[in-house]
Amino acid sequence: MAKIRLATDVGGTFTDLVFYELDSKTGAAGPIQTEKAHTTPPDFDTGVLDVIEKAQIDLSSASFFAHGTTVVINALTERKGVKTGLITTAGFRDVLEIARGNRPDFFNLRYQKPTPFVPRYLRREVKGRLTYKGEVIEPLDTSELPQIIADFKADGVEAIAVCLLHSYANPDHEDQVIAEIAKLWPEVATIASNAITREWREYERSNTAVLSAYVSPIARAYLSKLESAVSDKGMDGAFYVMQSNGGIDTLGAAKNVPITMVESGPASGVLGAAALGKLIGENNIIALDIGGTTAKCSLIENGRVDVTSQYMIEKSRLSAGYPIMTPVVDLVEIGNGGGSIAWVDEHEKMHVGPQSAGALPGPVAYGAGGTEPTTTDANLYLARINPDYFVNGEIEADMPALAGSLERLGAKLGLTAVEAARGIVRIANHNMQNALKLVSINRGHDPRDFTMIAFGGGGAMHATALAQELSIPKVVIPASSAVFSAWGMLMSDLRRDYIRTQPMPIASGSAASISATFAEMEAEALASFADEDIPTDAIMFEHYLDMRYDGQEHSVRMPLNNGKISSTDIDDLVARFHDAYEREYTYRLDAGTNMVALSIVAFAKIDRPQLAKIAEDGDASKAIKSRRNVDYDLAGIHMSDIYDRELLGSGAEFSGPAIIEEAGTTTVIFPNQRVRVDEFGNLHITTKTSGDKA
């Protein structure tokens, strides 16, 4: 029996599946196959089983299953976690309340900081104190823990976070508190901050521990339920969970520290874009993922995916949001997707998002009860989406209801239905442009030096217009772009991140200390993988130093060739830091440099599928299935060729105006754009604009 490797990605509207078979004799990978089904909140595991059943996969033949989920981020944003208590060092229970002084709404004198996830009466203290170096200056006193636990039980607490001062330097006190809680109340979910990160900053560590505890029972229950469900279907292969850092990890590790899944789906898409870029010779990439609820973008330079531990949720121009100090692929996310609802405020100004119609009721054209037009509805009304091939022909588009919703929206602004639809698309594109600028122009990168790889159900729909606005010379729409994030999981390695705070000046004498700390961290990683029977020879390491100038608060992450640093490497390291700092902040200082923290990334290689090449056929006319008038907004209304993507062969070329249709998405080709199909079935779309470099 052939073995199957599959990956599922639960999105806000659809649950995506990508899979392929391995030949039982040769081990060769078969063609990539895909499927989509509706996401089924709150029982997301039902949607996963639905899409597997829809693809007619026998799970008893599955040797590898990778899963990405929105359950953690949903529990946080919808406040559907459990009642959580916090135990911290005496005198520091209000760290969550004090937070930071970085209020974004700077001139609002009535600004309110975000409400902590743990109210003050559930934040308790224990005596004991460490120095910033981890030295004990006051022994830990756990004598008050029995009363704290009794109070937590009486108040209905279901999870406890433990974050003690300076535990990043010495975790012993935290570990003792966790051990004592296990004796007093073994049933409660607990998490220590040092189990998530060994990076300093008390507020950020405290909040990260709290959020992880808050979602822990929810995530554990979800993963356990899904594990049981697929096991009941006969699966006994390896089960992995996608992490926010761009790698997969074991189910057990994900259950222990669920906050690492906070952005699992978007992370896999960015990693997939990097992997595809290497395959097609594109190392500088802007990855754009447009789903049903959100749009995400990230910048990949020289093939490297940036990962940050300074991640925020719910940050906006009116709120400072909440920090999560765990490695997350560095991306910008906005509430604009195919399901984003268009609405008019009290000042008669149109907005798109962040509210979404989601999977239920979905866009108005679904005919499932939606009454407010969405971005998908607008594209449908402008004939960019085929009403006779809506959602792969599975849904008959309710065009009368759609027209009525656009007419009602337009009437509020004195616009026709067509003008309202154009306005929706224009605003959605504007919002996405701003996000793309945040990861490129705002960080000192010229978009003209990058290729955009666009995916997700709405990526191909909007990418070509966005590229024109930002003068991005090429757009690549991957094969199976609608389920590309799930494909990215099949391209992911097992990954774990380790960070150790160790501030010190950078000088020739620092080399020995740096090398010794890296050796300790590598040993910790190897021991962790060994506990799960992963061989040492399968593990690779990346090494980084977080550096800053004397007197500064924040740092720049510098990659190293290996973890063994000699005194002769220090001068080169400092010179590279000056260059990196200037590139990001446009200046450099004549000042001393400091190291703040050391980081390693431990990878265990996972077998990856080889992309199958498609048949060569340069005659694109064979793929034309019809023609229709399409509204390209400012570019006018044009009679356009409609192409069936499945019939486009390698080497096919043609020019816009055109529409390319496939099962999960639609690609819009503007009049001045040209398309080429590569040997793997990816679409390369180029355009000549006034912003092109000479």
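## Basis of the model

Helices (H or I, at least four residues) and strands (E, at least two) are DSSP runs, numbered from the N terminus. By that numbering, P354 sits in strand β21, which covers residues 350–356.

The model is predicted: local features need pLDDT of at least 70, side-chain atom pairs count only at pLDDT 80 or more, and totals for chains, interfaces and linings use all residues. Residues are numbered from 1 along each chain as its sequence is written, and side-chain values use heavy atoms, with hydrogens and water left out.

## Salt bridges between separate elements

A salt bridge is a side-chain nitrogen of Lys or Arg within 4 Å of a carboxyl oxygen of Asp or Glu. Searching the whole structure gives 37 salt bridges. One of them pairs the side chains of D16 and K36, with 2.7 Å from N to O. D16 belongs to strand β2 (residues 14–22) and K36 to strand β3 (residues 33–38), so this pair ties together parts that are 20 residues apart in sequence. Both D16 and K36 are buried; buried means under 20% relative accessible area, exposed over 50%, and partly exposed in between (1.4 Å probe, protein chains only).

A salt bridge also forms between E227 and K255, whose closest N and O atoms are 3.1 Å apart. Here E227 is part of helix α6 (residues 202–232) and K255 part of helix α7 (residues 251–256), so the pair ties together parts that are 28 residues apart in sequence. E227 counts as partly exposed because its relative accessibility is 32%, whereas K255, at 16% relative accessibility, counts as buried.

D572 has 45% relative accessibility and counts as partly exposed. R576 is also partly exposed, with a relative accessible area of 28%.

Elsewhere, salt bridges link D94, E97, R120 and R123 in a network.

## Two buried loop residues

T70 is located in the loop between β4 (62–68) and α2 (71–77). Its relative accessible area is 18%, so T70 is buried. Contact means heavy atoms within 4.5 Å. With neighbours within four places in sequence left aside, T70 is in contact with V10, G11 and F44.

L122 is in the loop between α3 (95–98) and β6 (123–130). This residue is buried, with a relative accessible area of 1%. Not counting residues up to four places away in sequence, L122 touches K83, T84, G85, L86, F152, D155 and V157. L122 is 225 residues from H347 in sequence, and the two are 42 Å apart in space, C-alpha to C-alpha.

## Backbone geometry

Most residues other than glycine have a negative phi, and most peptide bonds are trans. Several sites in this model depart from that pattern. P41 and P42 are joined by a cis peptide bond, with omega about 0 degrees. P42 is in the loop between β3 and α1 (44–54). Another cis peptide bond joins G353 and P354, again with omega about 0 degrees.

Two residues have a positive phi. E314, which is not a glycine, has a phi near 60 degrees. E314 is found in the loop between β16 (311–313) and β17 (322–324), and at 32% relative accessibility E314 counts as partly exposed. A383 is not a glycine either, and its phi is positive at about 70 degrees. A383 is placed in the loop between α9 (375–381) and α10 (399–411). With 18% relative accessibility, A383 counts as buried.

## A nonpolar surface patch

Patches are made of residues with over 30% relative accessible area and no salt bridge: like charges are joined within 9 Å, and nonpolar side chains (Val, Leu, Ile, Met, Phe, Trp, Tyr) within 5 Å. Accessible areas come from the Shrake-Rupley method with a 1.4 Å probe; for residues, only the protein chains shown count as cover.

On the surface, Y585, Y587 and L589 make up a nonpolar patch, and together they have about 260 Å² of accessible area. Y587 lies in the loop between α15 and β27 (593–604). Y587 is partly exposed, with a relative accessible area of 38%.
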